[in-house]
Amino acid sequence: MDTLAMGTILDPPEATAAARQFIQVRGARKVYASGDKSVEALSDVSFDVAKGEFVAILGPSGCGKSTLLMMCGGLEAVTAGVITIAGTPMTAPRASVGIMFQDPTLLPWKTVLQNVLFPARIQHLPEMEYRDRAQQLIDMVGLHGFENKRPHELSGGMRQRVAICRALLNDPDFLLMDEPFSALDAITRDEMNEVLLDIWRRYAKTALFVTHSIREAVLLADRVLMMTRRPATVVADIRIPFGRPRDMSVTEAPEFTRLCTQLRGMIERGTGQLDRRPGDGPILQPGRHGGEE
Ligand SMILES: Nc1ncnc2c1ncn2[C@@H]1O[C@H](COP(=O)(O)OP(=O)(O)OP(=O)(O)O)[C@@H](O)[C@H]1O
Ligand SMILES: [Mg+2]
């Protein structure tokens with residue numbers, strides 16, 4: 001297993017078509033059948049994610065964000081449409097896709113190190129070859145010295161750090177995160193956002209990140225996709241104008257607050273339309289919508 005390599009963020013205009021469309025979601029629809037009723041969770045969702053891009057998804061509760069993430073992870077089938085990663089349809093989970101949920105779902109009887117190594121164990125890979133990488137990840141997220149602790153001996157933020165390490169163990173090409181920090185208090189959440197920004201500085205993994213927090217989306221993402229109420233579609237695709245490396249200081253910029261206010265207005269209206277006022281400035285720019293080249 002290689003030691004940790006630095007990632008590169010591809011500049012979208014210069015990237016190849018394959019890299020620009022690393023993840024392709026085309027006309028994704030999901031209807032859940034429950035008894036004699038059916039629930040249309042997603043109606044027609046299309047977008048692309050470029051390699052190395054961090055895309056946040058915002059939308060009202062119950063609009064189908066988790067469903068979309070599960071379909072991107074091959075954990076849930078699409079009813080119609082297609083989702084491809086690196087050109088191959090997602091029909092089953094892949095080792096190259098790391099997943100983090102709201103609940104860190106650690107095994108309580110295993111130590112921090114054993115939990116981080118768990119993906120290697122379930123894939124019957126030689127754990128010894130992953131130990132150095134696991135230790136490097138544990139050190140990187142600030143858990144050095146806690147390798148032999150069990151989850152009940154850790155705080156909520158520390159448990160999510162373990163979950164991040166576990167998701168990164170296989171050096172995935174793509175990370176799916178479903179509100180991973182929403183159960184944490186505000187200070188711990190900021191700390192975890194800093195951990196994630198640091199991970200981005202080092203690896204620039206491609207990511208889809210679901211959150212209810214506009215602030216978190218703007219802080220972390222290169223683009224924000226805004227979804228409507230169920231049956232959901234993507235109504236806005238907004239490029240975040242802050243460069244990388246980024247840190248928490250970006251949240252103090254007036255542009256940051258203004259952008260958050262604009263996004264909040266869009267969510268309240270549910271239309272993806274901007275309510276622009278004099279002096280708003282040219283902040284919101286469209287991102288890359290799904291669509292054929
Ligand atoms: N396995 C399932 N069977 C039937 N209906 C489901 C199933 N999973 C989700 N749904 C329904 O699909 C819709 C979308 O659910 P989903 O969990 O994807 O929303 P969400 O946007 O993630 O919500 P939240 O913001 O509350 O996490 C909801 O109406 C939900 O009840
Ligand atoms: Mg959800």
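This is a predicted model: local features need pLDDT of at least 70, side-chain atom pairs count only at pLDDT 80 or more; totals for chains, interfaces and linings use all residues.

Me: What makes up the chain, and how much of it is buried?

Reply: The chain has 9 helices and 11 strands. Of its 293 residues, 39% are buried. Among contacts between residues at least 6 apart in sequence, 73% join residues at least 24 apart.

Me: Why is A134 called buried?

Reply: The cut-off is 20 or more other C-beta atoms within 10 Å. A134 has 25 C-beta neighbours inside 10 Å, so A134 counts as buried. A134 sits in helix α5, residues 127-140.

Me: Which residues does A134 touch, leaving out those up to four places away in sequence?

Reply: They are L113, V116, L117, C165 and L169. A contact needs C-beta atoms within 7 Å. As for V112, its C-alpha atom is 9.7 Å from that of A134, and 22 residues separate the two along the chain.

Me: What makes α2 largely enclosed by the rest of the structure?

Reply: Of the 8 residues of α2, 6 are buried, so the helix is largely enclosed by the rest of the structure. The buried ones are K65, T67, L68, L69, M71 and C72. Helix α2 lies across β1, β2 and β4. Its direction makes an angle of about 115 degrees with β1. Just after α2 comes G74, with a positive phi of about 75 degrees.

Me: Which residues come nearest to ligand 1?

Reply: Y32, A41, K65, S66 and T67 come nearest, out of 13 residues around ligand 1. To count as near, a residue needs its C-beta atom within 6 Å. The elements giving two or more residues to this shell are β1 (23-34), β2 (37-49) and α2 (65-72). Helix α2 gives the most, with 3 residues.

Me: How does the shell around ligand 1 divide into nonpolar, polar and charged?

Reply: The shell holds 4 nonpolar, 7 polar and 2 charged residues.

Me: What makes β2 and β5 edge strands?

Reply: The open sheet has 4 strands in the order β2-β1-β4-β5, with antiparallel pairing. β2 and β5 (88-89) each pair on one side only, and that makes them the edge strands.

Me: How do you know that β1 and β4 pair?

Reply: Pairing takes at least two bridges. β1 and β4 (residues 80-85) have 5 bridges, in the antiparallel sense. In this pair, I23 stands opposite I85 in β4.

Me: Why is β9 called mostly covered?

Reply: Set the count against the strand's length: 5 of the 5 residues of β9 (residues 223-227) are buried. R223, L225 and M227 point one way, while V224 and M226 point the other way. Residues on both sides are buried.

Me: How many bridges join β9 to β3, and how many join β9 to β10?

Reply: There are 4 bridges between β3 (residues 54-58) and β9, and 5 between β9 and β10 (residues 234-239). Two bridges are enough for strands to pair. Both links therefore pass that cut-off. β3 runs parallel to β9, whereas β10 runs antiparallel to β9.

Me: What do β9 and β10 form, and how many residues lie between them?

Reply: They form a hairpin, with 6 residues between the two strands.

How values were computed. Residues are numbered from 1 along each chain as its sequence is written. Chains are lettered from A and ligands numbered from 1 in the order in which they are written. Ala, Val, Leu, Ile, Met, Phe, Trp, Tyr, Cys and Pro count as nonpolar, Asp, Glu, Lys and Arg as charged, and the others, Gly among them, as polar. A residue is buried if 20 or more other C-beta atoms lie within 10 Å of its own, exposed if 12 or fewer, and partly exposed in between; C-beta atoms are placed from the backbone. Two residues are in contact if their C-beta atoms, placed from the backbone, lie within 7 Å. Axes are lines fitted to C-alpha atoms, for helices over the stretch in contact, and angles run from 0 to 180 degrees between N-to-C directions.
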